[in-house]
Amino acid sequence: HTSKTYEDLLTNVKSAGLKVTPVKPGLEIGLAEEVTGIFLSPPASSYEGLNNYSAVLKLTYQDTSFLFTGDAEAEVEKELLASGVDLSSTVLKAAHHGSNSSTTTNFLQAVRPKIAVISVGHDNTYGHPSSKVINRLEKAHVQVFRTDAHGTIVLASDGHDVTVTTDKD
């Protein structure tokens, strides 16, 4: 939020005559026919850590859904669980590169994904993804795809099933 890239983004938005709409729970976005998008987070207006300001978005297409969690941590997951919002999703983009600060057991039980995607660099200095998160996903019988191991990951939905293709099939 303080980077030159972000400043350039805001300048370009303004130059194009567009406006920035702050994300808040319940904000719906119009997408393609039969595709709905609703923001679930950030639920609070103030957090100590920047990661918790991540937008959490649920996209639904017929019988399939995708939950994008940004870098949201356990604090936000707990708030989402307490809100009673439907978190169940076919696909979970694991938060914070698979860090142990996210994808808690309770959150994972509410989402009940069939597939999880972890966006993470090879041999990153943070040790992501956490073996604890991988173990939680495996214990929940979630098929895990990681960008460090699988390269580019493409998910496609026909409205009933989600198929996955990767660079390294």
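Predicted model: local features only at pLDDT ≥ 70, side-chain atom pairs only at ≥ 80, totals over all residues.

Visitor: How many salt bridges are found in the whole structure?

Guide: A salt bridge is counted when a side-chain nitrogen of Lys or Arg lies within 4 Å of a carboxyl oxygen of Asp or Glu. A search of the whole structure on this basis gives a total of 3.

Visitor: What separates K4 and D8 in helix α1?

Guide: Helices (H or I, at least four residues) and strands (E, at least two) are DSSP runs, numbered from the N terminus. K4 and D8 form a salt bridge, with their closest N and O atoms 2.7 Å apart. Because they are 4 residues apart in helix α1, the separation is about one helical turn.

Visitor: Is K4 buried or exposed?

Guide: Buried means under 20% relative accessible area, exposed means over 50%, and partly exposed lies in between (1.4 Å probe, protein chains only). D8 has a value of 32% and is therefore partly exposed. K4 has a relative accessible area of 57%, so K4 is exposed.

Visitor: What span is expected for α1?

Guide: The expected span of a helix is 1.5 Å times one less than its number of residues. α1 has 12 residues, and from its first C-alpha to its last it reaches 16 Å, close to the expected 16 Å.

Visitor: Which residues make the nonpolar surface patch that includes L9?

Guide: Patches are made of residues with over 30% relative accessible area and no salt bridge; like charges are joined within 9 Å, and nonpolar side chains (Val, Leu, Ile, Met, Phe, Trp, Tyr) within 5 Å. Accessible areas come from the Shrake-Rupley method with a 1.4 Å probe, and for residues only the protein chains shown count as cover. L9 lies in helix α1 and is partly exposed because its relative accessibility is 46%. The patch covers about 340 Å² and is made by Y6, L9, L10 and V20.

Visitor: Which residue in β3 is the bridge partner of I38?

Guide: Two strands pair if DSSP finds at least two bridges between them. Strand β2 (residues 35–41) and strand β3 (residues 56–61) are antiparallel and share 6 bridges. Within β3, the partner of I38 is K58.

Visitor: Which residue takes a positive phi in the hairpin of β3 and β4?

Guide: β3 runs antiparallel to strand β4 (residues 64–68), and 5 bridges join them. Y61 stands opposite T64 in β4. The hairpin has 2 residues between the strands, and the positive phi, near 50 degrees, belongs to Q62.

Visitor: How many residues apart are K58 and D86?

Guide: The side chains of K58 and D86 meet in a salt bridge, at 3.5 Å from N to O. This pair links distant parts of the chain, with K58 in strand β3 and D86 in the loop between α2 (74–83) and β5 (91–93), and the two are 28 residues apart.

Visitor: Is K58 buried or exposed?

Guide: D86 has 47% relative accessibility and so counts as partly exposed. K58 has a relative accessible area of 8%, and therefore K58 is buried.

Visitor: Is D148 buried or exposed?

Guide: R146 and D148 meet through their side chains in a salt bridge of 2.6 Å, N to O. R146, with a relative accessible area of 24%, is partly exposed. D148 has 14% relative accessibility and so counts as buried.

Visitor: Which residue is the bridge partner of S157 in β9?

Guide: Strand β8 (residues 153–157) and β9 run antiparallel, joined by 5 bridges. Their hairpin has 4 residues between the strands, and G159 takes a positive phi near 95 degrees there. The partner of S157 in β9 is V162.

Visitor: With which residues is T166 in contact, leaving aside its neighbours within four places in sequence?

Guide: T166 lies in strand β9 (residues 162–166) and counts as buried because its relative accessibility is 11%. Contact means heavy atoms within 4.5 Å. Leaving aside neighbours within four places in sequence, the contacts of T166 are F145, H150, T152 and I153.

Technical notes
Residues numbered from 1 in each chain as written. Heavy atoms only, no water.
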